[in-house]
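Please examine the sequence and the structure below before reading on.

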Number of protein chains: 2
Amino acid sequence: MEFMDGTWKKEVSSWEDIVNDQNLNRQALVEGAVHSIRNMGDVAFVILRRREGLFQTVLESGTGNVTVHELKEAMTVRMSGILREEERAPHGRELRIRQVEILSAPAEPLPLPIDKWKLNTSLEAKLNYRSVSLRNIKERAHFKIQEGLTRAFRDYLHGQGFTEIHTPKIGARGAEGGANMFRLSYFHKPAVLAQSPQFYKQMMVGVFDRVFETGPVFRAEKHNTKRHLNEYTSLDFEMGYIDSFEEIMAMETGFLQYAMRLLEKDYAKELEILKIELPDVSRIPSVRFDKAKQLVSEKYHRKIRNPFDLEPEEEALIGQYFKEEYDADFVFVTHYPSKKRPFYAMDDPQDSRYTLSFDLLFHGLEVTTGGQRIHDYRCLLEKLEARGMEQEGMEQYLDTFKHGMPPHGGLGIGLERLTMQLLGEDNVREACLFPRDMNRLEP
Amino acid sequence: MEFMDGTWKKEVSSWEDIVNDQNLNRQALVEGAVHSIRNMGDVAFVILRRREGLFQTVLESGTGNVTVHELKEAMTVRMSGILREEERAPHGRELRIRQVEILSAPAEPLPLPIDKWKLNTSLEAKLNYRSVSLRNIKERAHFKIQEGLTRAFRDYLHGQGFTEIHTPKIGARGAEGGANMFRLSYFHKPAVLAQSPQFYKQMMVGVFDRVFETGPVFRAEKHNTKRHLNEYTSLDFEMGYIDSFEEIMAMETGFLQYAMRLLEKDYAKELEILKIELPDVSRIPSVRFDKAKQLVSEKYHRKIRNPFDLEPEEEALIGQYFKEEYDADFVFVTHYPSKKRPFYAMDDPQDSRYTLSFDLLFHGLEVTTGGQRIHDYRCLLEKLEARGMEQEGMEQYLDTFKHGMPPHGGLGIGLERLTMQLLGEDNVREACLFPRDMNRLEP
């Protein structure tokens, strides 16, 4: 009988082996994809792409088992040779090729010049050829940064006593109500795709006190903008026993601080590739919704058209204001008007036209919505009634409150938007592997 | 201007404070939900439920600001008092209550006796009252174990150089084809929900070499069994530059070993609550599909009806065989018949009726399907043609291979099934917070 013991012996050199100075002038066996070939006549530089980065190999004519003409971009290869010091090569070394094993060969030339440092291609082309365009080193780096943000979110919250949950994406009804839901037939019953894990994460606060989820959400919003996706990844948390909705803002600030430290530590290479300067998150200003509108109106001579609404241009100006006045990249805008928030938002006891809620703006774009929720059963019923909403389909959500819930609140962060702002991109699609919008369902 | 700096001052005692011996005989302020009340006349024991566990508080009549009759199960409270040593209480201590602040009160009594150690309630009732039934300590512990498995999957793979990806759940076409897809209208275009991230994770192997995803998948399978969910969480990975499909099995074994260590270290409390004995994963036997059928047929005198299919009973018997003969909880079954695998599975060059693939059985139940994939464009086209399948809708997947891909393979683990088998439960719904099956779309 054969047994697997969790180990696997590979003869190929690891990245650590390759960049280890002790292995200079020694034999190495290196795998990778052929990223580019520069044929200089007597020698050819064959740059390999690996997950860790680019690596230079050199084919001297007449010394290997292949000629440069047999090699093609997008081949995957295993090469043996000697590691030599070479100042001008990345990592200060190169492999002098002795033997090449071709693992796979492309059937057609690449449709995009992915070996260019900056991929000067339209967004449309980048998205149409997604599995090719992301092989570009800078394009690929976007998603390592995104990975870092997700890791930071989970690691930080885990350290704060949160439990990770997985909630269903197919349900009988959405959390926010309204028309922005994708509908489907679920074994002949009407169903919708989750706009957010809102109801479920609240229900789980009564079980685990603090919960988080990182998963897809679906919004059938009928606008195609640079800021919207119809499917995106939401970083959600919900926490019980809060003293104030500001405790949620403190938790988010803690996450952002942790995230920036993690990026600095584990993603320095990608920060360098993308020339990202990390924002200062040591202290994030917080301003009331009405006050923010007033500040922006005064400074930028802009008339307040609707005191209970915030237009995208106003959001951008609030971002600009706090950058100019406080050198702040982020700003919390608090006390959103009640009519702009869902029924479960807790109204401010001081002034019920506003709620105990907030948005977080990052360079003038909303990346988070959060706040305290109603935890009292009767208050919830009153709010539903005041809004003329039906309890139908929400019985099991409401039952949770009937059977006792601690004061609680939480937030949802749009992962792609957070990534986009950190990257300094102006289209959220640059921060999504396979974006879904009104016109795009593929690849 | 107000600023958030990521800190939040709470006066309440943390769990670490409470269980710290240095704080015995000192004042403490404790929050939690009233899990149960035992009124003994002169004293009442009020057991609080917190995310960390249960905690005993004692109300002596006439000493606090409330009487026991004012307290109710499912209230959430903040209590101050003195921490006293008490051998018979959990953690060897209790809080002698001086002051109680009621944070919230339930509107109705609980529908289930969640304070019983074992919740003797039908599965149906547990699922109908999910936000209540999970407040039971044992029920809740299922999902801490599940969290540990997910954490282990991500942490282990991250350490092995994998990149986390988020792929779309709405698409134009499914990876496996066939009838088991939920269909929806996406802005008047036909769309389906992802049965697996298969196509996308393969496409990303050409970018990141190694990728993983933990997310929901959707299967419109028309059977209601104890082993099936119509929406479940899939732990997926895909890796390039493999020497053999067994390298994938080695990686999974490594993950399982890491997971068991993590559970032992961070989830000892839950393992104890649920009386779980962790399986031995130091070495996992591996047997060919045809050999496994033969062994089971011989030992259990069972006629082989179809040499190219494995019935659930046969799976269970294979599990039994390897338990009896090798004391093994897991077994890899390799070389599944080609006709039972999707078109992208790589056939065995030795015998094309079989594939370079495997399932992992845990106590006789399939918890993983994996294998090597076809990476050559022309081979893929031939396989599609041999199966009479159309390329339509797969152009962008196929383009990936046209433009070069390393030899690769991967797997998908059903998180709920893995959890269920570890828990020793006989229904997968016990390992899902909010299960979806043919008859259940709520809560």
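Which residue of chain B comes closest to the rotation axis? In this predicted model, that residue is B:Leu184, whose C-alpha lies 2.4 Å from the axis.

**Relation of the two chains**

Two copies of a chain are related by a rotation about an axis and a shift along it. Here, chain B is superposed on chain A by a rotation of 180 degrees with a shift of 0.0 Å along the axis, and the RMSD is 0.0 Å. The two copies are thus related as by a two-fold rotation axis.

**The interface**

Chain B contributes 128 residues to the contact, and chain A contributes 128 residues. Between the two chains an area of about 10,700 Å² is buried, and carbon and sulfur atoms give 59% of this area. On the side of chain B, the residues that lose the most area to chain A are B:Met4, B:Tyr241 and B:His403, which together account for 8% of what that side buries. Because 100% of the interface residues of chain B are also interface residues in chain A, the copies meet through the same surface.

| Helix pair | Axes come within | Crossing angle |
|---|---|---|
| α5(B) (residues 198–208) and α11(B) (residues 395–402) | 10 Å | roughly 25 degrees |
| α10(B) (residues 377–386) and α11(B) | 8 Å | roughly 140 degrees |

How are α5(B) and α11(B) oriented to each other? Angles under 35 degrees count as roughly parallel, and the crossing angle of this pair is roughly 25 degrees. The helices α5(B) and α11(B) are therefore roughly parallel to each other. Their crossing is left-handed. From α5(B), the contact is made by B:Phe199, B:Gln202 and B:Met203, and from α11(B) by B:Gln396, B:Tyr397, B:Thr400 and B:Phe401. By class, this contact of α5(B) with α11(B) has 4 nonpolar, 3 polar and no charged residues.

The second pair crosses at roughly 140 degrees, and α10(B) and α11(B) are therefore oblique to each other. The residues of the contact of α10(B) with α11(B) comprise 7 nonpolar, no polar and 1 charged.

Technical notes:
Residues numbered from 1 in each chain as written. Chains lettered and ligands numbered in written order. Predicted model: local features only at pLDDT ≥ 70, side-chain atom pairs only at ≥ 80, totals over all residues. Heavy atoms only, no water. Least-squares fit on C-alpha atoms with pLDDT ≥ 70 in both. Contact = heavy atoms within 4.5 Å. Axes fitted to C-alpha atoms, helices over the stretch in contact; angles between N-to-C directions. Helix = DSSP H or I, 4+ residues; strand = E, 2+ residues; numbered from the N terminus. Parallel < 35°, antiparallel > 145°, perpendicular 65-115°, else oblique. Left-handed = near helix turned anticlockwise from the far one by under 90°. Nonpolar A, V, L, I, M, F, W, Y, C, P; charged D, E, K, R; others polar. Buried area = accessible area lost by both parts, 1.4 Å probe.
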